[in-house]
Amino acid sequence: MSHVEIQPPPGEAGDATALAAAIAAGELSCVEAMEAALAAAGADTCGAVCHLDTRLGLAAAEAADRERRENPEGFRTRPFAGVPTLAKDLGGPFAGLPVRAGSHLFDHLADPGADSDLAVRYRQAGLCAFGLTTTPEVGLSLTSEPARGPRCRNPLAPALIAGGSSGGAAAAVASGIVAIAHATDAGGSIRVPAACCGLVGLKATRGAMPSGPHFGNHLGGIASELAVCRSVRDLAAIFRALRGDTKGPYADPPILESRAARLRIGLLTDTGLAWPTAPERLQAVVEAGRSLEAAGHRLVPLAWPRFEASVRRSGTIFADIISANLTALLDGLKLDMHRAEPLTQAFAERGRALSGASLWNSLSGAVNISRDLWELFDGIDCLLAPMLASAPLPLGSFPMDHADTELHLNRMAAFAPLATLANIAGHPALTLPFGQDPAGLPLPLQLIAPMGHEPTLLRLAARLEAEGRWIHPHAVAGLPG
């Protein structure tokens, strides 16, 4: 990957890169940074953290301080040396942190004895994990309100959702408990919470992020892990630290930077009659387009009918894959389905009723959607579109105490119409805030690029971030003022 030079966000430096710089400069120790994060987590009123391990966090911070003293050159090679972080309660495990996927289904399972490949890279980047963030049961919702608790609230407006399924991660970063947090995305689960909480998030190109050593099917390739961040420069740094040499199940995609000074930006400012987007959110997309046009790029207006069939089909394929995967998980681990929430049980039954031929048709359909998006990128270099159709919804907007899977899927599609498209197609997609609405809530954008073109997304996102239209209201715990 070519290096994308990204400046700090204007008007603030409250991100993980700034915290790492303060630690490296001796303004605070790794242990002091960890103690501040632990204190913030202990005072958490947003339900962001579902599991806290003070001992684990302090041990990691003490080890980082030792390296700073004994091997300062090695310490400086780590982009986030000594920075506290939280893992998501879903995804590749971090040793010592008992992943439960927001469910009583997994209460009896042993804690992970080893890191996933991705967790190893988190630690190599210098990040010190000390707990787990809240997720909906088995990641099945765009809000993070599992029956087992806690109920995750948006730090910007506590009566509203923080998004899902990485809602706890987003709430922890937006509230300043940590400056960066592990997150996963199978159907918008990084981007939707980031969008709800005024953060930056990226669903990477299929195959770019490690998913071993126990690959399994990994949701048919639609899932990816990375992080939610407070700045584009943090996102660029964590992407560089984690990507590549994944050892399967897909070939490492080449990471490419467009050499064109003038990019063709496809502009989508409509999401159709079935899933309309609020005018102020469409206006943010229009204004972002104007900003990029002023920077020398060319806008290419696009119409919703070009996307509608692929978007609808993506939602159906997503439902089939997660249902079949859930059924296989329950059967493979011999889990008691009655310990799950009613909607989780309904998705498992949906998967059990799915024929092999139907699932195969969905997997084949995913290939066609990927090809369709590739053909779109014959005429443009990047797609600029809305991320959410509305402001974050009130808590309780995605209940799981019922068995109507279609109703739940339609509710999620209405909130984030384009969320699943990049997952099904395998293309990278990035969200960032670009201003705020009258209630002070973020106006998020979504940028989608061809496979391997994360540098293009990061470059464009940094250009938009530089306008300073969004400032985080909560400071990072431990960061010197």
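Are Phe94 and Tyr122 buried or exposed? Both Phe94 and Tyr122 are buried. Keep in mind as you explore that this is a predicted model.

## Aromatic pairs

A pair of aromatic rings is described by the distance of the centres and the angle of the planes. The structure holds two aromatic pairs, and the table sets them side by side.

| Pair | Arrangement | Centre to centre | Angle between planes |
|---|---|---|---|
| Phe94 and Tyr122 | edge-to-face | 5.5 Å | 75° |
| Phe398 and Phe415 | tilted | 6.0 Å | 55° |

Phe398 has a relative accessibility of 4%, so it counts as buried. Phe415 is buried too, with a relative accessible area of 2%.

Another ring to look for is that of Trp275: Arg312 lies over its face, 4.7 Å from the ring centre.

Now find helix α10, which has 28 residues (305-332). At 1.5 Å a residue, this helix should span 40 Å, and its end C-alpha atoms are 41 Å apart, so the two values agree. Just after α10, Lys334 takes a positive phi of about 55°.

The largest nonpolar core has 154 residues, and those with the most contacts inside it are Ile238 and Leu430. Helix α10 gives the most to this core, with nine residues. Leaving out residues up to four places away in sequence, Leu430 touches several residues, among them Val200, Leu235, Leu445 and Ala461.

## Two residues and their contacts

His297 is in the loop between α9 (279-294) and β8 (298-302). Its relative accessibility is 8%, so His297 counts as buried. A polar atom of the His297 side chain lies 3.0 Å from the backbone nitrogen of Leu263. Not counting residues up to four places away in sequence, His297 also touches others, including Ala261, Leu292 and Arg459.

Arg350 has its place in helix α11 (residues 342-353). The side chains of Arg350 and Thr405 are joined by a polar contact of 3.0 Å. Beyond its neighbours within four places in sequence, Arg350 is in contact with residues including Asp320, Ser323 and Glu406.

Most residues other than glycine have a negative phi, and most peptide bonds are trans. Here are some places to check against that rule.

A cis peptide bond joins Gly149 and Pro150, with omega at about -10°. Pro150 is in the loop between β3 (128-133) and α6 (167-174). Val138 is also found in the loop between β3 and α6, and its phi is positive, near 45°. With 16% relative accessibility, Val138 counts as buried.

Another cis peptide bond joins Gly248 and Pro249, where omega is about 0°. Pro249 lies in the loop between α8 (232-242) and β7 (264-268). Asp245 is found in the loop between α8 and β7 as well. Although Asp245 is not a glycine, it has a positive phi of about 50°. Its relative accessibility is 48%, so Asp245 counts as partly exposed.

Key: Residues are numbered from 1 along each chain as its sequence is written. This is a predicted model: local features need pLDDT of at least 70, side-chain atom pairs count only at pLDDT 80 or more; totals for chains, interfaces and linings use all residues. Side-chain values use heavy atoms; hydrogens and water are left out. Helices (H or I, at least four residues) and strands (E, at least two) are DSSP runs, numbered from the N terminus. The expected span of a helix is 1.5 Å times one less than its number of residues. Rings of Phe, Tyr and Trp (its six-membered ring) pair if their centres lie within 6.5 Å; planes under 30 degrees apart count as stacked, over 60 as edge-to-face and the rest as tilted. Buried means under 20% relative accessible area, exposed over 50%, partly exposed in between (1.4 Å probe, protein chains only). A charge sits over a ring if NZ of Lys or CZ of Arg is within 6 Å of the ring centre and within 35 degrees of the ring normal. A nonpolar core is a set of buried Ala, Val, Leu, Ile, Met, Phe, Trp, Tyr and Cys residues joined through side-chain atoms within 4.5 Å. Contact means heavy atoms within 4.5 Å. A polar contact is a pair of N or O atoms within 3.5 Å; within protein, one must be able to donate a hydrogen and the other to accept it, and residues adjacent in sequence count only if both atoms are side-chain atoms.
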